[in-house]
Amino acid sequence: MFEDRDETKETDGSLLGDSGHTPPGKKGHVKWQKPRLTRKALLNCCLVKRILSRAAPQGSDTSDSDLELSSDRHQPEGLEQLQELTKFTKKELQSLYRGFKNECPRGVVNEDTFKLIYAQFFPQGDASMYAHFLFNAFDVDRNGTICFKDFVVGLSILLCGTVHEKLNWAFNLYDINKDGYITKEEMLAIMKSIYDMMGRYTYPIVRDDAPIEHVEKFFQKMDRNRDGVVTIEEFLETCQKDENIMSSMQLFENVI
């Protein structure tokens, strides 16, 4: 149903793609790859996996047939509209809705629940700030809760959207105060929250000043007019022209 891309290439364990360094030489038969977190490494600790795992009763295996049999009892309101708003099929939406309702019987997710889920997934670090930022990105109505529609629309963009749609979503995540600009302080807050969430279980060990270095490098490329902020136009243009930045942006698709 929800296919997982095969990620078999080795990486160096870094959290973010290098926005400025030159790739090192090849070592043996191992091909160098831009540093990134792989989907394979995060599959068992992402929000999608959590919701889908809740789609089946405890102690049972989730199968397409099981989900189809229960779809009549777990069908979201406005299913046809959600199919138009997202790139999910009817069956996928029913499966997601079942897991969403099992996880959140009231039909909405609040920030505390979001933080609890991520704390369980990333016990080696502090996921509270990243969960806070991600929650605000999904909470498009700014009402303090995420309904099923908010959840699947955002999820559809991150998993199935175009490059332009994903970059717009990432800009919204970085733009913490939603004023239409990204400041160095906002970008640094997001970067630090990701490093804090992953803890020290990375190889090689991430330096404490790594987030600041990445922010400085990104801003040198993105802030074209040197006014101290990045606009959506600068963000889109720079990201789409720079493979290293695009590589690091894929991180957000993996840690949802």
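At what angle do helix H6 and helix H7 pack, and how far apart are their axes?

## How H6 and H7 meet

In this predicted model, H6 (residues 111-121) and H7 (residues 128-138) pack at about 130 degrees, with axes 9 Å apart. Axes here are lines fitted to C-alpha atoms over the stretch in contact, and angles run from 0 to 180 degrees between N-to-C directions. The two helices are therefore oblique to each other, a word for angles that are not under 35 degrees (roughly parallel), over 145 (roughly antiparallel) or 65 to 115 (roughly perpendicular).

On the H6 side, the contact (heavy atoms within 4.5 Å) is made by Glu 111, Phe 114, Lys 115 and Tyr 118. Residues of H7 that take part include Tyr 130, Leu 134 and Phe 138.

H7 is mostly covered, with 8 of its 11 residues buried, that is, under 20% relative accessible area with a 1.4 Å probe, protein chains only. Among them are Phe 133, Leu 134 and Phe 135.

The largest nonpolar core has 51 residues; such a core is a set of buried Ala, Val, Leu, Ile, Met, Phe, Trp, Tyr and Cys residues joined through side-chain atoms within 4.5 Å. Phe 114, Tyr 118, Phe 151, Met 187 and Phe 235 touch the most other members. H7 gives the most to this core, with 7 residues.

## Two loop residues

Lys 178 is not a glycine, yet has a positive phi of about 55 degrees. Its loop lies between helix H9 (163-174) and strand E3 (181-183).

Arg 226 also has a positive phi, near 55 degrees, and sits in the loop between helix H11 (210-222) and strand E4 (229-231).

## About the model

Residues are numbered from 1 along each chain as its sequence is written. In this predicted model, local features need pLDDT of at least 70 and side-chain atom pairs count only at 80 or more, while totals for chains, interfaces and linings use all residues, and side-chain values use heavy atoms, leaving out hydrogens and water.

Note on methods. Helices (H or I, at least four residues) and strands (E, at least two) are DSSP runs, numbered from the N terminus. Buried means under 20% relative accessible area, exposed over 50%, partly exposed in between (1.4 Å probe, protein chains only).
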